[in-house]
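Biologist: I have a model open and a few things to ask about it. Can we go through them one by one?

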Amino acid sequence: MTTHWTIEPGGPATLMAPHPAGAEEALAWLESAHTELRAGLRAYGAVYVRGLPVHSVETFARVRDVLIPQRTPYREKATPRSDFGGDVYSSTDLPAAQPIRMHNENSYTLTFPGLLLFGCLTAPEQGGATPVADCRSVLRNLPPHLVERMRAHGWMLRRTYSDHLSLDWRSAFATDSPAEVERYCAENLISCSWDENGNLRTRQLRPGTVHHPETGEEVWFNHLAFWNEWSLDEEVRETLVDELGHDGLPFNTGFGDGLPFTRDELDTVNAAYEAATVRRAWEPGDLLLVDNILSTHGRDPFRGDRRIVVAMGAPVALADCRPTVPPAADAPRPAPEAVPSHG
């Protein structure tokens, strides 16, 4: 079968399939196009595939097994998803009107998916694209002082798990045992504590730039802007800070040097993402294959029914990505100043 790439300004690289008649023919075509898809991923970070008859979770799972045979579990869950079985999930169950900012999946874990596969079973009436942005371009678009600060200090993630805001710790860690949570945190370099209401609070320091383990290219790889308090609607942010304090927010981030991440810095990072962002409206049967290190992804608000499924695989260890800052359960404390001796 022949392949044909479509490259348009503002749109992701798209590989046009030859409209196979059924699932078996589609799977055979994907096998034959595997090398070209991988080359497209290295060049563009994310690629669309259009024209395949992928209209059910079962067919999508079979496609996943061709493109991403090694699966990755969803760790330290952060947003609600529906589990369709076989490690296939809804892309997110967050409200349709809520945009999802650019992020690399599980950038805060010590092992994360190297590849993501999205599939469109039902296209929304309006909006709802899954935009992507090349992280190499994002890094180039950022001012040098922010990049150097990230290389030197990394970024800090603080989470508060409760039954009322965000996910509770039982859902996030898939256990009812506090001891199991504490064991996981200790093994994964996460500082954890329990407040008087039984809510879990965690802190973890992670590098914000990494190198792709195969290409060696450095990329901007983090949730710094995605989960920062300045990303919240202003009225919501003020209400939550008044009620919970900065340390009690469901999510908050900062650089690893302990200094606050300002609104102006957030705007700068988001502008770098926007300059690198491309998107394509979903059509039923579309696939989007994403190199999770080379590309971020997000979600546009939408109207109408939208059914986008996702699978994750090809796990990558953070240690294999030449991080400039070692992961830790907390930021290193500065050494005390030497006290002069007066003999």
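Biologist: How many disulfides does the count come to?
Modeller: Zero disulfides, where a disulfide is a pair of cysteine sulfur atoms within 2.5 Å. This is a predicted model, in which local features need pLDDT of at least 70 and side-chain atom pairs count only at pLDDT 80 or more, while totals for chains, interfaces and linings use all residues. Residues are numbered from 1 along each chain as its sequence is written, and side-chain values use heavy atoms, with hydrogens and water left out.

Biologist: Is Cys135 buried or exposed?
Modeller: Cys135 counts as buried because its relative accessibility is 0%. Buried means under 20% relative accessible area, exposed over 50%, and partly exposed in between, with a 1.4 Å probe and protein chains only. Cys321 is also at 0% and counts as buried.

Biologist: What volume does the largest cavity have?
Modeller: About 240 Å³. A volume here is the space filled by probe spheres set on the points, with grid points joined across faces, edges and corners.

Biologist: Which residues are closest to its centre?
Modeller: Arg81, Ser91, His103, Glu105 and His297, out of 24 lining residues. That lining divides into eleven nonpolar, nine polar and four charged residues. Ala, Val, Leu, Ile, Met, Phe, Trp, Tyr, Cys and Pro count as nonpolar, Asp, Glu, Lys and Arg as charged, and the others, Gly among them, as polar.

Biologist: Which element gives the most to that lining?
Modeller: β17, with three residues. Helices (H or I, at least four residues) and strands (E, at least two) are DSSP runs numbered from the N terminus.

Biologist: Where is Asn292?
Modeller: Asn292 is in the loop between β16 (287-291) and β17. At 0% relative accessibility, Asn292 counts as buried. A polar atom of its side chain lies 2.8 Å from the backbone nitrogen of Glu105.

Biologist: And the largest pocket, how much space lies in it?
Modeller: About 600 Å³. It has 22 lining residues, and Gln98, Phe226, Trp227, Leu232 and Phe251 are the closest to its centre. The lining divides into 15 nonpolar, five polar and two charged. β5 and α7 (234-244) each supply at least two of its residues.

Biologist: Last one, Arg50. Which strand does Arg50 lie in?
Modeller: Arg50 lies in β3 (residues 46-50). Arg50 counts as buried because its relative accessibility is 13%.

Biologist: What do the polar contacts of Arg50 join it to?
Modeller: The side chains of Arg50 and Asp286 are joined by a polar contact of 2.5 Å, and those of Arg50 and Glu283 by one of 3.4 Å. A polar contact is a pair of N or O atoms within 3.5 Å; within protein, one must be able to donate a hydrogen and the other to accept it, and residues adjacent in sequence count only if both atoms are side-chain atoms.

Definitions and conventions: On a 1 Å grid over the protein atoms alone, a cavity is a set of points where a 1.4 Å probe fits but cannot get out, and a pocket is an open set with protein on both sides within 12 Å along at least five of seven lines; lining residues have an atom within 4 Å of a point.
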